[in-house]
Amino acid sequence: MYVCSCFGITEEQVKQHADAGRCTPRQIASACKAGTDCGSCVRRIQALLGRGEGCATRTKLDTAKPGTSVAPVAVPAPATLPAPSALPVPATAPLPAAAGAA
C-alpha cells in the first residue's frame with residue numbers, strides 16, 4: 001500500500017529504510033523523499049516507525065541504565081537574552097508634518 005502518493009513510496013519501502021537504521025520521519029525523508037512534499041503521509045510514517053523495536057524510542061532512552069548502549073543525551077540549556085533595558089534603542093527621525101494639517 002502506498003504511504004506517500006507524491007513520490008510513490010510504499011509501506012514496504014518505509015519498513016526497509018527503518019530496518020536499515022532510519023528511525024525517524026526525517027531520516028526516512030532524506031532516504032526517499034517521503035513526507036517532503038505535501039506532508040500528508042508523515043503521520044503514517046510515524047505510525048509505521050513506532051512499531052519497530054530496532055530503533056531507540058523516548059521510553060527506551062528515558063529508562064536506559066548507565067553503561068548501556070542506549071543512554072540519554074544531554075540537551076543544552078537555551079541561551080539567555082539580555083534584559084530589554086539593556087538593548088540599544090535605534091535613533092528615529094521625526095515624522096514629516098501632514099500636508100494641510102492645522
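Student: What makes up the overall confidence of the protein chain in this predicted model?

Tutor: The model is predicted, and its protein chain averages a pLDDT of 76, with 52% of the residues scoring at least 70.

Student: Where in the protein chain is confidence lowest, and where is it highest?

Tutor: Helix H4 (residues 58–62) has the lowest confidence, at a mean of 51, while strand E2 (residues 9–10) has the highest, at 95. Where pLDDT is low, the predicted coordinates should not be read in detail.

Student: Which residues of helix H3 are called buried, and what makes them so?

Tutor: In H3, which covers residues 42–50, they are Ile45, Leu48 and Leu49. The term requires a relative accessible area under 20%.

Student: How do you know that the buried residues line one face of H3?

Tutor: Viewed down the axis of H3, the buried residues fall within an arc of 95 degrees, so they line one face of the helix. On the other side of H3, Arg43 and Gly50 are exposed.

Student: What covers the buried residues of H3?

Tutor: The covering elements include strand E1 (2–4), helix H1 (11–19) and helix H2 (25–32).

Student: Which residues make the contact between H1 and H3?

Tutor: Glu11, Val14, Lys15 and Ala18 of H1 meet Arg44, Ile45, Leu48 and Leu49 of H3. The crossing of these two helices is right-handed.

Terms used: Residues numbered from 1 in each chain as written. Predicted model: local features only at pLDDT ≥ 70, side-chain atom pairs only at ≥ 80, totals over all residues. Heavy atoms only, no water. Buried < 20%, exposed > 50% of the residue type's maximum accessible area, 1.4 Å probe, protein only. Helix = DSSP H or I, 4+ residues; strand = E, 2+ residues; numbered from the N terminus. Arc of directions from axis to C-beta. Contact = heavy atoms within 4.5 Å. pLDDT = per-residue confidence, 0-100. Left-handed = near helix turned anticlockwise from the far one by under 90°.
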